[in-house]
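Below are my comments on the model you sent. Please read them with the structure open.

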Amino acid sequence: MTIEILGITVLWVFLFGYILVGAIDFGAGFFNAYSVWRGKERVLTNVIQRYLSPVWEVTNVFLVFFFVGMIGFFPKTAFYYGTTLLVPVSFGIILLAIRGSYYAFETYGARGHKGYSFAYGIAGLLLPASLSIVLTISEGGFVELIDGQPVLDYWKLFTSPLTWAIVVLSLAATLYISAAFLTWYANKAGDVEATDLLRKYALIWALPTIITAAGIIVELRRHNPLHYENIQRFWPLFLLSFVLFLGTVFLIWKRRQYGLAFGLLAGQFVFAFFGYGASHYPYLLYPYLTIYDSFTNPAMAIALVVAFVFGLLLLIPSLYLLLRMFLFNKDYVKGKEDHHA
Amino acid sequence: MFSLDSVFYSRVLTELTLSFHIIYATIGVGVPLMIMLAQWVGIKKNDEHYILLARRWARGFVITVAVGVVTGTAIGLQLSLLWPNFMELAGNVIALPLFMETFAFFFEAIFLGIYLYTWDRFENQKKHFLLLIPVAIGASFSAVFITIVNAFMNAPQGFNLVNNELINVNPLVAMFNPAMPTKVAHVLGTAYMTTAFLLAAIAAFRLLRGSDHVYHKKALLLTMKVGLIFSISAALVGDLSGKYLAEYQPEKLAAAEWHFETEENAPLMLYGVLKDGEVKYAIKIPYALSILAHNSPTAEVIGLDQFPEEDIPPLYIHYLFDIMVTIGMLLLGLSALFLFGMWRKWKFVESRLFRWLIVLSGPLVFVSLEAGWWLAEVGRQPWILRNIMRTSEGATTSGHVDTMLVLFALLYIVLGIGSVVVLRRMFIRNPVEREIADRAQEKGGDIR
């Protein structure tokens with residue numbers, strides 16, 4: 001394994017981490033707002049707040065880690081993606097800012113403030129859409145070099161079916177992942193009503209998730225034939241991903257083993273996400289930028305890897321402590337202990 | 001070609017984001033230390049008031065952290081969005097501290113979550129106190145690493161640029177650049193100082209507004225002590241920063257001091273206005289600039305005449321310097337007077353007038369903070385990487401920066417108002433008297 005591949009793998013793992021915890025977070029915000037709107041907040045809000053409160057800040061760090069690491073390992077991405085992404089990512093930042101701060105405002109400052117919960121619910125739903133534009137652009141065809149500077153063709157981007165397929169997938173997957181996780185969490189809390197409601201949401205969002213995921217592969221055939229061919233080379237990964245998807249839906253349908261169901265779901269996304277990533281190799285931005293010509297100098301690469309290893313030695317035990325004290329603490333999950341400041 | 005409009009709007013947007021972010025970021029660096037001190041004093045003295053102080057600070061802290069985190073994410077991404085050419089070059093050399101900053105942030109985020117949700121969970125308060133140490137370390141180290149990045153922009157080193165190619169990159173040499181020690185020390189010290197005066201202002205305000213509870217008096221005494229210590233440190237490190245500038249960035253010092261001609265026995269200019277290249281109404285302190293720059297009243301200080309015009313920073317930074325130093329000195333004096341007065345039991349330090357002065361110190365310290373950062377940043381114009389890359393070469397070529405500027409301005413208005421409204425509501429609805437009464441009921445009346 002070359003250090004370039006190690007670098008991109010590490011970053012891909014963190015992006016996956018962000019997508020998973022972020023999806024739970026964004027979806028939870030949306031379900032929370034939806035339940036407030038429908039007058040059902042009594043059912044969902046407690047479960048959602050209990051999960052989110054101690055971890056909301058951590059979620060954000062996964063994203064920061066990803067983009068800082070990206071610039072660190074692959075500084076040329078700043079040149080290509082920085083210029084072209086100004087508008088979509090700025091929208092993403094604004095949504096993120098509204099969401100993050102209004103979450104804190106609602107949770108810690110003004111419990112039960114409807115405006116705040118709507119703001120963070122809606123912002124969370126739009127966020128995956130605005131950030132997933134990056135994945136669309138990376139497929140190539142939307143960026144042109146004019147006078148040596150990359151320029152994004154917005155018209156082409158907004159009229160491409162690929163764009164919208166990825167946007168719909170990001171939305172459906174967000175709600176699906178979140179609902180499946182919260183079903184498990186609510187069930188652990190012994191909250192039958194919330195479990196039932198969330199189970200229903202999980203089943204509703206399962207189908208659009210898998211349909212759009214398959215649709216994107218078809219779409220790529222037209223848009224980026226090289227990538228399409230590469231995807232076929234990794235077909236066992238995608239097949240496995242599909243089987244795991246069936247397993248998750250089956251378990252949730254039968255109201256059995258929600259924990260295992262969420263595990264299978266995580267597996268489904270791992271295989272699909274890494275299959276997608278591997279088939280994208282070696283391009284960061286097709287056809288301008290590969291991981292090889294954008295890689296940083298060897299001295300910095302080694303320094304970053306060393307920092308990364310020491311960082312993980314610090315983080316993994318800390319994360320474990322966090323999970324043990326809240327997510328896997330029975331009394332906390334059931335709401336018997338509420339020791340917030 | 002470089003789009004000049006984009007350069008201008010990128011500068012404005014970056015300045016706007018950073019100016020807004022540092023308000024919350026500074027609180028984010030300082031408050032964990034203050035909470036830690038209060039909790040520690042509470043445990044040592046077995047005084048519930050201090051524990052409650054820590055708890056109430058922590059509660060308000062969450063709101064400021066939230067805004068600090070999201071605006072920090074904004075500036076993190078804007079670095080690449082607005083300055084892609086700069087990040088492409090600098091990323092090769094300075095990625096290490098940027099990366100380490102995210103680890104510090106991660107570390108803080110994890111333990112802050114745990115700390116906030118484990119009040120009264122442990123029988124032993126010391127265990128809970130231990131959780132604060134990683135929070136405070138994480139908060140301060142984020143500031144350290146990100147300041148190192150900024151120091152690098154002032155004094156880039158650790159690489160060779162040959163025919164526009166970077167060679168011999170050494171990330172550690174880049175980190176430990178000459179600007180780093182004074183910058184880091186000044187940023188940390190002033191962050192603690194700023195927070196101390198902010199919290200002192202709150203305590204003084206509550207005392208003025210009818211609540212005469214001993215809780216606020218304890219808060220005031222603790223915060224003023226910390227305020228004094230760190231205003232002294234800020235002044236000392238400020239002096240060292242002057243010496244650093246004289247040695248490594250003489251054009252910044254000369255512009256800040258309106259020191260036009262290289263000379264020995266250089267006087268220090270305070271205040272005054274600049275009209276047609278002439279300094280008027282300034283207070284001249286003989287030899288002081290030579291002392292500030294080289295610790296010797298007769299030393300030669302390099303003036304602006306040594307630099308080509310296109311390398312000289314805007315001269316208005318002199319006003320920023322005056323604002324920063326004046327406020328810093330006033331606050332040092334105020335806290336010293338307060339503590340001395342308390343020790344000698346002078347009546348007037350507990351008078352309404354004096355308390356209003358302390359309330360005033362809260363906003364003033366933030367004015368000083370902003371002025372200091374603007375001085376530091378505008379003072380290295382026209383460079384984004386001193387002597388390597390000009391600001392105009394680093395900016396984006398996208399034509400949409402002006403629209404984004406409007407959007408972000410709206411965002412910061414919304415966040416600013418939202419955070420103030422929520423904070424006010426949190427503390428007005430639940431004044432300390434009521435919380436103490438509630439706790440007394442729970443615990444069977446052993447606190448008052």
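1. Basis. This is a predicted model, in which local features need pLDDT of at least 70 and side-chain atom pairs count only at pLDDT 80 or more, while totals for chains, interfaces and linings use all residues. Residues are numbered from 1 along each chain as its sequence is written, chains are lettered from A and ligands numbered from 1 in the order in which they are written, and side-chain values use heavy atoms, with hydrogens and water left out.

2. Packing between the chains. Two packed helices are described by the angle between their axes and the distance between the axes. Helix α3 of chain A (residues 56–73) packs on helix α2 of chain B (residues 48–82) at about 15°, with the axes 11 Å apart. Here helices (H or I, at least four residues) and strands (E, at least two) are DSSP runs, numbered from the N terminus. Axes are lines fitted to C-alpha atoms, for helices over the stretch in contact, and angles run from 0 to 180 degrees between N-to-C directions. α3(A) and α2(B) are therefore roughly parallel to each other. The classes are roughly parallel for angles under 35 degrees, roughly antiparallel over 145, roughly perpendicular from 65 to 115, and oblique for the rest. The crossing of α3(A) with α2(B) is left-handed; that term applies if the near helix is turned anticlockwise from the far one by less than a right angle, and right-handed applies if clockwise.

3. Residues in that contact. On the α3(A) side they are A:Trp56, A:Glu57, A:Asn60, A:Val64, A:Phe67 and A:Ile71. These meet residues of α2(B) including B:Val62, B:Val65, B:Val69 and B:Leu77, where contact means heavy atoms within 4.5 Å. By type, the residues of the contact of α3(A) with α2(B) are nine nonpolar, four polar and one charged. Nonpolar covers Ala, Val, Leu, Ile, Met, Phe, Trp, Tyr, Cys and Pro; charged covers Asp, Glu, Lys and Arg; the others, Gly among them, are polar.

4. Packing within chain A. The axes of helix α10 (residues 225–233) and helix α12 (residues 258–280) of chain A come within 8 Å and cross at roughly 130°. That makes α10(A) oblique to α12(A). The crossing of α10(A) and α12(A) is right-handed. A:His227, A:Asn230 and A:Ile231 of α10(A) meet A:Tyr276, A:Ser279 and A:His280 of α12(A).

5. A:Thr84. Is this residue buried or exposed? A:Thr84, in helix α4 (residues 76–84) of chain A, is buried, with a relative accessible area of 2%. Buried means under 20% relative accessible area, exposed over 50%, and partly exposed in between (1.4 Å probe, protein chains only). A polar atom of the A:Thr84 side chain lies 2.7 Å from the backbone oxygen of A:Tyr80. Leaving out residues up to four places away in sequence, A:Thr84 touches A:Val143, A:Pro150, A:Val151, A:Leu152 and A:Tyr154.

6. A:Ala186 is in helix α8 (residues 161–188) of chain A and is buried at a relative accessible area of 0%. Not counting residues up to four places away in sequence, A:Ala186 touches A:Val47, A:Asp191, A:Ala194, A:Thr195 and A:Leu198. A:Ala261 belongs to helix α12 of chain A and counts as buried at 1% relative accessibility. With the exclusion of residues up to four places away in sequence, A:Ala261 touches A:Thr248, A:Leu251 and A:Ile252.

7. Cis peptide bonds. The bond from A:Tyr281 to A:Pro282 is cis, with omega near 0°. A:Pro282 sits in the loop between α12 and β3 (283–285) of chain A. In chain B, a cis peptide bond joins B:Gln381 and B:Pro382, with omega about 0°. B:Pro382 is in the loop between α11 (352–378) and β7 (383–385) of chain B.

8. Positive phi. B:Asn295 is not a glycine, yet has a positive phi of about 65°. B:Asn295 lies in the loop between α9 (288–294) and α10 (317–343) of chain B and counts as exposed at 56% relative accessibility. B:Lys345 also has a positive phi, near 55°. B:Lys345 is placed in the loop between α10 and α11 of chain B and counts as exposed at 71% relative accessibility.

Terms used. A polar contact is a pair of N or O atoms within 3.5 Å; within protein, one must be able to donate a hydrogen and the other to accept it, and residues adjacent in sequence count only if both atoms are side-chain atoms.
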